[in-house]
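Colleague: I have a few minutes before the next run. Can you put the model up and go through it with me?

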Amino acid sequence: MFKGLGNLGNIASMVGSLQQLPEKLKELNERMKSEVVTASSGCGKVNVAMNGVGHVQSININDELKGHELEVAILEATNAAGAAAKALYAESIHQMASEM
């Protein structure tokens, strides 16, 4: 009659883990603010550093670039850094979840 109650221990453990989630996410976000990824434009003349939460930390631009070429290079480097930051954050979330 009560065969389904055998997993109550698992449910209790899951609830306990979920209660820790807000604090763990806060810690993760703080850690990601100090993690930095870098990326370059296709031409290699623009470099962008971005932290793990997607805030640009620095941009280095070669003085040779001008006009549209400069705009494209900045977009490429910024988008590549954003993708790297998202990947870093996703990997950190995955690792945190596997530890719970």
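Colleague: Is S92 buried or exposed?

Modeller: This is a predicted model, and in it S92 counts as buried because its relative accessibility is 7%, under the 20% cut-off.

Colleague: Which element is S92 in, and what does S92 touch?

Modeller: S92 sits in helix α2. Leaving aside neighbours within four places in sequence, S92 is in contact with L28, R31 and M32.

Colleague: Which other residues of α2 are buried?

Modeller: Besides S92, the buried residues of α2 are A73, A77, A81, G82, A85 and M96.

Colleague: What does α2 span, end to end?

Modeller: Helix α2 covers residues 67-99, which is 33 residues. From first C-alpha to last it reaches 48 Å, close to the 48 Å expected at 1.5 Å a residue.

Colleague: Next, the sheet. What is the strand order?

Modeller: The order is β1-β2-β3, an open sheet of 3 strands with antiparallel pairing. The edge strands are β1 (36-40) and β3 (56-61), each pairing on one side only. From one strand to the next, the twist averages 15°.

Colleague: How many bridges join β1 to β2?

Modeller: There are 5 bridges between β1 and β2 (residues 46-51), and the two strands run antiparallel.

Colleague: Which residues make up the largest nonpolar core?

Modeller: That core has 10 residues: V37, A39, V46, V48, M50, L65, A73, A77, A81 and A85. The elements giving two or more residues to this core are β1, β2 and α2. Helix α2 gives the most, with 4 residues.

Colleague: Take V46 from that list. What does V46 touch?

Modeller: Not counting residues up to four places away in sequence, V46 touches A39, S40, S41, I59, N60, I61, L65, A73, I74 and A77. Of the core residues, A39, L65, A73 and A77 are among those contacts.

Colleague: Changing topic to charges. How many salt bridges are there in the whole structure?

Modeller: The search finds 2. One joins E30 and K33, with the closest N and O atoms 3.2 Å apart. The other joins the side chains of E64 and K45, at 3.0 Å from N to O.

Colleague: Where do E64 and K45 lie?

Modeller: E64 lies in the loop between β3 and α2, and K45 in the loop between β1 and β2, so the pair ties together parts that are 19 residues apart in sequence. E64 counts as exposed because its relative accessibility is 55%, over the 50% cut-off. K45 is partly exposed, with a relative accessible area of 29%.

Colleague: And where do E30 and K33 lie?

Modeller: Both lie in helix α1 (residues 8-34), 3 residues apart, or about one turn of the helix.

Colleague: Why would residues three places apart in a helix point the same way?

Modeller: An α-helix has 3.6 residues a turn, so residues three or four places apart point the same way.

Colleague: What is the accessibility of E30 and of K33?

Modeller: E30 has 47% relative accessibility and so counts as partly exposed. K33, at 44%, also counts as partly exposed.

How values were computed. Residues are numbered from 1 along each chain as its sequence is written. This is a predicted model: local features need pLDDT of at least 70, side-chain atom pairs count only at pLDDT 80 or more; totals for chains, interfaces and linings use all residues. Side-chain values use heavy atoms; hydrogens and water are left out. The expected span of a helix is 1.5 Å times one less than its number of residues. Buried means under 20% relative accessible area, exposed over 50%, partly exposed in between (1.4 Å probe, protein chains only). Two strands pair if DSSP finds at least two bridges between them. Axes are lines fitted to C-alpha atoms, for helices over the stretch in contact, and angles run from 0 to 180 degrees between N-to-C directions. A nonpolar core is a set of buried Ala, Val, Leu, Ile, Met, Phe, Trp, Tyr and Cys residues joined through side-chain atoms within 4.5 Å. Contact means heavy atoms within 4.5 Å. A salt bridge is a side-chain nitrogen of Lys or Arg within 4 Å of a carboxyl oxygen of Asp or Glu.
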